[in-house]
Amino acid sequence: MKTSFYLLTAILFIALFSCQTKEKPEGEESMKTDPKLQERIDLYAPIEIKADLTRLTEKQQKLIKILTEAGHIADEIFWRQTSPDAVSVRDSLKKLNAPEAEQALKFVMINYGPYDRIDHEKRYVGEGPEHRPDGGTFYPIDMTKKEFEKYVENNPEQKEELESLYTVVVRDGDKLTAVPYSQAYPEIERLANKLKEAAKFAENESLKKYLLERAKALKTDEYFDSDVAWMEIEDNDIDVIIGPIESYEDALFNYKTAFEAVVMVKDLEATENFALFKKYIKDFENNLPYEDKKYIREEVGKGTQINFVNAAYFGGDCQAGIKTIACSLPNDPKVRKLKGGGKNTMYKNMMEAKFEKIVVPIANVLLTKEQAKMANKTSFVNFVTLHELGHTLGRGNVYGKDITIKKALQEAYSPIEEVKADILAIYNQELLNEKGVISDEELRSALCTYLPGLFRSIRFGAGEAHGKANLIQFNFLREAGAIDKNEDGKFVINEDVFFEKAGKLANLILTTEAEGNYEKAKEILKKYGKVTEEIKQTIENLSDIPRDIDTSYEF
Ligand SMILES: [Zn+2]
């Protein structure tokens with residue numbers, strides 16, 4: 001891959017390491033844009049994302065602007081977290097004034113660094129490591145997983161701070177030490193002040209409280225109170241997710257949280273429409289296909305909220321590469337326990353953009369004409385809603401132990417948890433059908449939307465939690481005969497056995513989680529998380545369809 005980038009590399013090298021060199025490197029005159037890099041950029045369909053602000057008051061609109069400014073600061077911190085060279089590569093490309101630099105910059109802006117997020121985090125721009133370091137800048141660059149584990153074992157008094165979600169691990173001679181985010185990232189001061197400024201414009205008292213609590217959390221690295229305050233925001237038109245949130249970016253341990261920001265406007269009508277799924281949470285939990293029923297919880301997600309919003313701004317983690325379409329937060333199980341569940345936020349305008357630009361074209365290639373026609377926007381939005389609800393089902397802690405499943409499954413947790421949410425999102429629709437909430441036809445539409453949806457995510461790459469999760473589902477269901485192929489090479493869902501097999505996969509995943517079985521989790525990833533020849537072929541057939549959207553925002 002690298003040969004075609006020698007020339008660009010030469011320029012970058014000069015920009016990075018020699019401030020005196022002003023001459024153009026040889027051959028630059030003839031250099032145009034790089035077709036391979038352009039191909040990577042074209043995987044993202046450009047689209048401007050807008051939220052309708054017209055129904056907001058002037059003060060609310062001002063609030064949106066200030067929150068977006070705060071979002072840009074969170075975005076900048078994420079740039080520093082993702083890899084040691086993300087910022088330097090970006091900034092040197094910005095300084096260069098050449099078409100190929102512009103193209104490389106576009107790539108870097110989409111991926112938040114020189115590494116391709118949907119090609120195994122492989123480097124495409126500049127010189128340096130072949131892949132993004134698994135631990136980003138959360139750990140010393142030369143530290144291995146083994147070294148960390150051994151160090152923690154020998155220094156149990158440091159375990160908590162080193163494994164904390166909100167510290168950066170650095171070397172101090174022979175020692176490893178933990179630096180709290182509030183000290184590691186000086187931008188946090190500005191970010192906290194921005195949130196305080198925003199609080200002045202918040203007409204809604206519960207939102208104001210959250211913004212002030214969040215500002216405090218950023219400076220103290222104690223997020224519990226602000227997470228609770230976020231859960232308690234009510235009757236609001238505006239919502240914001242900001243700070244260190246998800247831990248996907250730490251591919252070494254999934255401990256460290258990455259900064260992100262989402263500024264959003266509530267879609268009140270859609271939120272109400274979908275609140276009806278919430279009524280069935282207890283039924284979903286009781287219906288979980290555990291082989292051993294003792295794992296079923298008595299108390300479930302009474303406090304689970306579903307909010308439909310339109311995103312006005314995305315920054316940091318959720319904007320890097322594949323865009324988030326929904327989330328279930330906060331991640332802290334203590335907050336979820338206290339509030340009886342989490343808050344599920346569904347980015348309606350993001351979902352709709354993805355359905356149009358990606359799912360429809362994939363369905364047209366993969367399915368028979370008849371089935372492709374059945375894929376629809378409502379089923380897609382339902383699936384994503386039920387995916388988020390799926391995260392709230394099953395256990396948070398290992399059965400009979402005071403340890404979170406997340407901790408027990410380590411780096412295998414994210415993909416396994418995503419399989420759980422996905423497979424339950426489809427599995428639970430059979431129950432909704434039995435309850436009369438969705439019709440037979442809608443159930444069939446759900447299946448016809450699910451299959452192209454799998455390939456939408458498989459194309460994220462096996463290196464990414466959601467990509468891997470979808471590989472696992474496809475390979476498991478294909479092997480079990482729930483997905484067939486007809487003589488024209490089109491995939492067909494085998495409706496006779498589909499839900500039975502989906503239940504089998506759900507049992508496997510749920511039980512692995514309930515037992516906190518790390519070895520089993522790794523075995524599942526190894527066995528099913530692979531790109532088979534058939535999948536490779538299918539992905540090639542879809543190569544003209546964008547993988548995701550490259551979003552821009554008004555502010
Ligand atoms: Zn998920």
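Okay, let's start with Asp142, which sits in the loop between β3 (122-123) and α6 (145-154). Keep in mind that this is a predicted model. So is Asp142 buried or exposed? Asp142 counts as exposed, because it has 8 C-beta neighbours inside 10 Å, and the cut-off for exposed is 12 or fewer. If you want a sense of distance, take Ile73: it's 69 residues away from Asp142 along the chain, and their C-alpha atoms are 28 Å apart.

Now, the domains. How many residues of each are in contact? Eight from domain 1 and ten from domain 2. On the domain 1 side of that contact, you've got three nonpolar, two polar and three charged residues.

Last stop, a helix pair. Helix α15, residues 348-366, packs with helix α17, residues 377-391, at about 120°, and their axes are 10 Å apart. That angle is why we call α15 oblique to α17. The crossing of the two, α15 and α17, is right-handed.

Who's touching whom there? From α15 we have Met351, Glu352, Phe355 and Val359, and they meet Lys377, Phe380, Val381 and Val384 of α17. Sort that α15 and α17 contact by class and you find six nonpolar residues, two charged and no polar ones.

Notes: Residues are numbered from 1 along each chain as its sequence is written. This is a predicted model: local features need pLDDT of at least 70, side-chain atom pairs count only at pLDDT 80 or more; totals for chains, interfaces and linings use all residues. Axes are lines fitted to C-alpha atoms, for helices over the stretch in contact, and angles run from 0 to 180 degrees between N-to-C directions. Helices (H or I, at least four residues) and strands (E, at least two) are DSSP runs, numbered from the N terminus. Angles under 35 degrees count as roughly parallel, over 145 as roughly antiparallel, 65 to 115 as roughly perpendicular and the rest as oblique. A crossing is left-handed if the near helix is turned anticlockwise from the far one by less than a right angle, and right-handed if clockwise. Two residues are in contact if their C-beta atoms, placed from the backbone, lie within 7 Å. Ala, Val, Leu, Ile, Met, Phe, Trp, Tyr, Cys and Pro count as nonpolar, Asp, Glu, Lys and Arg as charged, and the others, Gly among them, as polar. A residue is buried if 20 or more other C-beta atoms lie within 10 Å of its own, exposed if 12 or fewer, and partly exposed in between; C-beta atoms are placed from the backbone.
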